[in-house]
Amino acid sequence: MRLLKVATCNLNQWAMDFDTNLKNIKESIKRAKESGAKIRIGPELEISGYGCEDHFLEEDTEKHSWECLTDILTGDLTNDILCSIGMPVTFNSVRYNCQVFCMDGRILLIRPKMVLANDGNYREFRWFSPWTQKDSLVDFDLPLSVSELTSQSSVKFGFGFLRFRDVSVAAETCEELFTASPPRVELALNGAEVFLNASGSHHQLRKLNLRIDCIKNATRSLGGVYLYANQQGCDGGRLYYDGCCCIAVNGDVVALGSQFSLKDVEVSTALVDLDAVSSHRGSIASFREQGSRIKTFIPYINVSNTLCQPFRFGTFPTPPVEIKYHRAEEEIAFGPSCWLWDYLRRSGASGFLLPLSGGADSSSVAAIVGCMAQLVFKDIEEGDEQVKADALRIGHYKNGEVPTNSQEFAKRIFYTVFMGSENSSEETRSRAKLLSDEIGSYHLNVPIDGVVSSILSVFETLTGKRPKYKVDGGSNTENLGLQNIQARVRMILAYMLALFMPWYHEKPGFYLVLGSSNVDEGLRGYLTKYDCSSADINPIGSISKQDLRSFLKWAAIHLQFPSLAEIEAAPPTAELEPIRSDYNQLDEVDMGMTYEELSIYGRLRKIFRCGPVSMYQNLCHKWGRRLSPSEIAEKVKHFFKYYSINRHKMTVLTPSYHAESYSPEDNRFDLRQFLYNSRWPFQFCKIDELAKEIEETENLSNISEKENLENEFSVKSGQGSGMGVIAVGSGDPRAGI
């Protein structure tokens, strides 16, 4: 047996916070060495933080990264352990995303990233260039301060690997794991046995199994040991990096870090048998055949050290572990909770304030904050000193006080406000109060009718007219305007309370206002611009209504907030219009579409890149057994009309936790114009022509009696990703991951 102890890690790095990042890196190396590991890999761009974005264009960012690397190389921290450190490096005036391999206080190799992530949330081509030379390593002149410390004037730079006396070690960086032609294939055929992947991969609902499958498959067909490191936490933006560092051997995962955690540093280790790698490769005839006739020889650097340990009785390789995949409801609870905690502790705020209406969306946000308080208290009980220090600071505990339970902690850092009007029901008022009691928040009941009336009086004084609701004989314009006034008044009051309530309670600082609009409402534009959807941050802005309702049912039991069950069962309503015996405002009636339909439209528009005509064609395939071509045409046109009318609202959408592939978020993810011809004359004419042609040429009379094709789709979509058949994928929440 050639036994090798290896270590990977989750690090909660913060973009541009070099002190914190350096501290976490050094702590992870220290823990890896204490475990006896000979190799340590950290996350992508771990020194600077992955999310620096345009700060990467500043020379200071790279300069400070070199200064931090110099600190790491000083002393004995890297003695007898191979460390891969992620940082930006400029070579010949071109900036690269690099892994720097260090050992014994010296740099062995700088490996630039060859395949950049440049879609979805990622824009690496804006800041970096891919390394394209594969045939040779080049000399890189080190900065003077590093050169003086290491006594090296230059080091090798490029695509290559390290050949120790007893093991060969190579690298991949994040996107290179997922690409169609991954570097590891050629590396494995050239003899590399251990692969180190420094990653910055964000959380998305239902995504983890895809990542784990890629890591397992990376070594199943090629053989080898694969170390995957990731960031974990909010590093300053909309993404939450969900950790799950892992170690895989020949397709088996033998070590796996947590997906959701409040810890800043988490190190996972494993003892692996490299002879098992050699044996596995030797048993695959196709691998032997391809390796024997390989024409691309990758350069390598000989390193005189040995990393492996011999077989000793009682010392055995780490066995495979069982992989636990969270349900989507659990991911909604834990991912945004950890993101909120990082944002709170790093923002300087003293807590959160939430306008709590008693409806599903704001109640989901309240439950997520309640879950955050539970996680904080749990970690304090388990002895996490960093979490405890942050909680004591944010909660303003004095004279040796500590949180006694999650509700007590929530009372200190979480305000909920029911801002009722004459249109609010007693049911929603009581639900909001009951939920706040279960969570432990400091709850306020603030009537807004007086403020609304004062604003209307100003208009009446100016014009002599007072608007009326539609149920009272008013026009559509009056009806919409009266609803918008209520919604915007609530936003103003929320910010006023977030500023003044801490002052009233003699607390320093301010409270962050939380938003609670979901991804479907953003897509449809079913929100008032600059109302309570305008907040500091929104933990559910990229989560669908369907997923939120499932979360509420789960949280009622598992988070022990039983009032959520009643909230989930209530029909969604904005409560902005008067309630009458023959009229009750309902969201889906207002929108002219269901939330389920909105999710389908969203996936078709974003994930499957469908314009109006192709969306119509695919929905004919999906809905053609229960709707006529003309009915489907009207639904598609109705969606695109209101999507385009309201697209401008996405330009001011509150920064939201990213969790869904069809998010319409305009600032980073879904880049489109915000001024449309909402009549879509050319496209809608094509749709009408198609509908007319189908109805004239097809015999539709017996279709309704045939088997419902949607039921077939739902079964088939469970067998794969749904990406191959668009109509199927439009109903699959896993599509687009």
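Biologist: How many salt bridges does the count come to in this structure?
Modeller: The count comes to 42 salt bridges, a salt bridge being a side-chain nitrogen of Lys or Arg within 4 Å of a carboxyl oxygen of Asp or Glu. This is a predicted model, in which local features need pLDDT of at least 70 and side-chain atom pairs count only at pLDDT 80 or more, while totals for chains, interfaces and linings use all residues. Residues are numbered from 1 along each chain as its sequence is written, and side-chain values use heavy atoms, with hydrogens and water left out.

Biologist: Which residue forms a salt bridge with Arg 111?
Modeller: The partner of Arg 111 is Glu 176, and their closest N and O atoms are 3.0 Å apart. Glu 176 is in the loop between β9 (168-173) and α4 (183-189), whereas Arg 111 is in strand β5 (residues 106-112), so the pair links distant parts of the chain, 65 residues apart. Helices (H or I, at least four residues) and strands (E, at least two) are DSSP runs, numbered from the N terminus.

Biologist: Are Glu 176 and Arg 111 buried or exposed?
Modeller: Both Glu 176 and Arg 111 are buried. Buried means under 20% relative accessible area, exposed means over 50%, and partly exposed is in between (1.4 Å probe, protein chains only).

Biologist: And what does Lys 134 meet in a salt bridge?
Modeller: The side chain of Lys 134 meets that of Glu 186, at 3.4 Å from N to O. Lys 134 lies in the loop between β5 and β6 (138-141) and Glu 186 in helix α4, so this pair ties together parts that are 52 residues apart in sequence. Lys 134 counts as partly exposed because its relative accessibility is 36%.

Biologist: Where is Arg 238, and where is Glu 665?
Modeller: Arg 238 is in the loop between β11 (225-233) and β12 (241-242), and Glu 665 is in the loop between α21 (629-646) and α22 (681-697), 427 residues apart. They form a salt bridge whose closest N and O atoms are 3.8 Å apart. Arg 238 is buried, with a relative accessible area of 18%, and Glu 665 is buried at 6%.

Biologist: Changing topic, what is the strand order in the open sheet of four strands?
Modeller: The order is β19-β18-β17-β20, with parallel pairing. Two strands pair if DSSP finds at least two bridges between them. β19 (442-445) and β20 (511-513) stand at the edges with a single partner strand each, so one side of each has no neighbour in the sheet. From one strand to the next, the twist averages 25 degrees.

Biologist: How many bridges join β18 and β19?
Modeller: Strand β18 (residues 414-418) pairs with β19 over four bridges, in the parallel sense. Tyr 415 has Tyr 442 in β19 as its bridge partner.

Biologist: Which strands does helix α12 lie across?
Modeller: Helix α12 (residues 426-439) lies across β18 and β19, running at about 170 degrees to β18. Helix α11 (residues 406-413) lies across β17 (351-355), β18, β19 and β20, at about 70 degrees to β18. Axes are lines fitted to C-alpha atoms, for helices over the stretch in contact (heavy atoms within 4.5 Å). Angles run from 0 to 180 degrees between N-to-C directions.

Biologist: Finally, what does Tyr 300 touch?
Modeller: Not counting residues up to four places away in sequence, Tyr 300 touches Phe 161 and Arg 163. Tyr 300 is found in strand β16 (residues 300-302) and is partly exposed, with a relative accessible area of 37%.
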